[in-house]
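Thanks for coming. I will take this one residue or element at a time, and then finish with the whole chain.

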Amino acid sequence: GNSGVILSQLLRGLAERAPVTGTDLAAALGHATDLAYAAVGEPVEGTMLTVARAAATAAATATGTSNPATLDAVAGAAARAARAALDDTPDQLAVLAEAGVVDAGAAGLVVVLEALARVCGDRTVAGHRPEVPARRPGSHRPPAARGGPAYEVMYLLDAPEDAVGPLRDRLAALGDSLVVVGGVEDGWSVHVHVDDVGSALLAGVDAGRPHRIRVNHLAATPQRTPPTRNVVALVPSDELAALVERAGARAVRRRERASLAAAVRPGPGVEAVVVPDCAETAALALAVTRRWRDAGARVAVVPCRSVVQALAALAVHDPDAHWEDELTAMTAAAAATRHAELPARGADEGAAVRATRGLLDGAEGALVTLVHGPGTPAGLVDAVVAALADTAPGVETAVYAGAPSDLALVVGVE
């Protein structure tokens with residue numbers, strides 16, 4: 001779930017106000033709660049948000065009962081209110097009532113607030129191991145079968161603040177349990193539950209640079225035999241098709257919708273990962289795989305916007321890895337690859353060198369991938385390789401044929 005991310009916002013809110021007095025603490029708890037609610041796409045009552053709000057309200061009330069309000073009085077009031085609110089969470093969420101338990105994230109927040117109260121000097125709250133309410137009497141039914149999205153997607157994101165609003169909107173349309181927190185300087189933390197992993201990752205790529213990506217299957221079940229995995233890559237040329245096949249994937253030429261559907265074929269005991277090579281083929285892959293995703297099959301599209309990102313993703317293909325780990329590694333490799341495309345019309349050596357050096361800015365120990373095609377002017381690739389040898393001698397360079405005919409050069413920097 002997203003309780004850990006919400007807790008990080010609560011702690012951040014406290015730290016931003018740096019409480020010294022009881023009145024400060026009450027204000028800090030209110031600020032922290034506002035931050036937590038604002039971070040969640042669709043706040044749900046009966047969770048740790050409800051407990052945080054109850055604690056903040058009680059803390060604010062306590063400031064009016066003592067003059068001046070002491071830290072121990074305010075912290076104690078917040079902890080006791082949090083405990084009472086925790087006991088009520090099963091009455092606010094049907095899934096908790098069915099299971100006969102309180103909200104786990106809310107229980108964790110109670111532990112934190114009771115620890116805070118003890119540190120501040122109020123010894124009337126629970127001790128070192130706060131009691132968490134047991135199952136309610138008469139509740140013997142097992143938890144209801146889990147509904148909702150199948151995958152948890154998390155990543156850190158380097159992106160400007162104005163990109164976060166559109167990102168929230170896209171992710172909210174894809175799933176639930178959405179939390180986006182952070183700031184401009186330290187980046188953003190993104191958490192969402194979805195069925196369409198590829199679209200959730202693509203939203204991050206479009207907003208900025210995702211990293212530390214993680215994908216978890218929320219209802220994973222042990223499998224007696226390892227599933228078959230179909231890794232399918234969309235390519236613009238025969239040269240790159242051969243390269244893809246050597247990487248252990250199946251190549252399908254661009255725009256061949258029927259061939260793509262036949263190559264993917266997820267189903268019982270079969271997983272699939274699709275690697276597009278541009279924005280157009282990414283849209284095609286998402287459209288072709290939608291019916292399988294809707295049916296619950298393990299199929300995802302790696303968010304690649306360039307053939308060099310696709311090559312980076314395929315370079316980390318591991319048929320023995322778990323599906324989630326494979327998808328995470330491929331997405332991380334693609335997202336870490338800066339890229340540029342030079343159109344065949346008007347391309348020259350100077351422009352190619354400048355584009356490559358621009359991508360290398362700030363990159364250390366990089367791998368530069370150059371993909372040329374039938375529209376590449378003679379000597380252009382050699383000029384780029386020579387320029388890199390002179391100005392970036394520690395950079396490794398890989399050169400491949402097979403770029404689309406309308407491009408003079410595709411450059412990737414990992």
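Let me start with V231, which sits in strand β5; helices (H or I, at least four residues) and strands (E, at least two) are DSSP runs, numbered from the N terminus. Before going on, the ground rules: this is a predicted model, where local features need pLDDT of at least 70 and side-chain atom pairs count only at pLDDT 80 or more, while totals for chains, interfaces and linings use all residues. Residues are numbered from 1 along each chain as its sequence is written, and side-chain values use heavy atoms, with hydrogens and water left out.

Back to V231. Its relative accessibility is 4%, so V231 counts as buried; buried means under 20% relative accessible area, exposed over 50%, and partly exposed in between, with a 1.4 Å probe and protein chains only. What does V231 touch, leaving aside residues up to four places away in sequence? The list is A249, R250, V273, V275, L314, H317, E326 and M330, where contact means heavy atoms within 4.5 Å. From V231 to G269 it is 38 residues in sequence and 14 Å in space, C-alpha to C-alpha.

Next, helix α10, residues 257-264. Which of its residues are buried? They are L260, A263 and V264. These residues cover an arc of only 95° around the axis, so they lie on the same side of α10; the arc is that of the directions from the helix axis to the C-beta atoms. What they pack against is β5 (228-235), β6 (250-253), β7 (270-275), α11 (279-294) and β8 (299-301). So much for the buried residues. S259 is also in helix α10, and at 32% relative accessibility S259 counts as partly exposed. S259 and G402 are 143 residues apart in sequence, and their C-alpha atoms are 20 Å apart in space.

Just after α10 comes R265, with a positive phi of about 40°. Most residues other than glycine have a negative phi. R265 is not a glycine. It is found in the loop between α10 and β7, and its relative accessible area of 45% makes R265 partly exposed. R212 is another non-glycine with a positive phi, here about 50°.

Now aromatics. How many aromatic pairs does the structure hold? One. For the criterion, rings of Phe, Tyr and Trp (its six-membered ring) pair if their centres lie within 6.5 Å; planes under 30 degrees apart count as stacked, over 60 as edge-to-face and the rest as tilted. The ring centres of Y151 and W323 are 5.2 Å apart and the planes are at 35°, so this pair is tilted. Y151 lies in strand β1 (residues 151-158) and W323 in helix α13 (residues 323-335), so the pair ties together parts that are 172 residues apart in sequence. Y151 is buried at 3% relative accessibility, and W323 is buried at 1%.

On to cysteines. A disulfide is a pair of cysteine sulfur atoms within 2.5 Å, and by this rule there are zero. C304 is in no disulfide. C278 is buried at 11% relative accessibility, and C304 is buried at 0%.

The axes of helix α3 (residues 48-62) and helix α6 (residues 104-119) come within 7 Å and cross at roughly 35°; axes are lines fitted to C-alpha atoms, for helices over the stretch in contact, and angles run from 0 to 180 degrees between N-to-C directions. On the α3 side the contact is made by M48, V51, A52 and A55, and on the α6 side by G105, A106, L109, V110 and L113. By class, that contact has eight nonpolar, one polar and no charged residues. Ala, Val, Leu, Ile, Met, Phe, Trp, Tyr, Cys and Pro count as nonpolar, Asp, Glu, Lys and Arg as charged, and the others, Gly among them, as polar.

Last, the whole protein. There are 15 helices and twelve strands. Of the 414 residues, 49% are buried. The C-alpha trace spans about 85 × 50 × 30 Å along its principal axes. Among contacts with a separation of 6 or more, 74% are between residues 24 or more positions apart.
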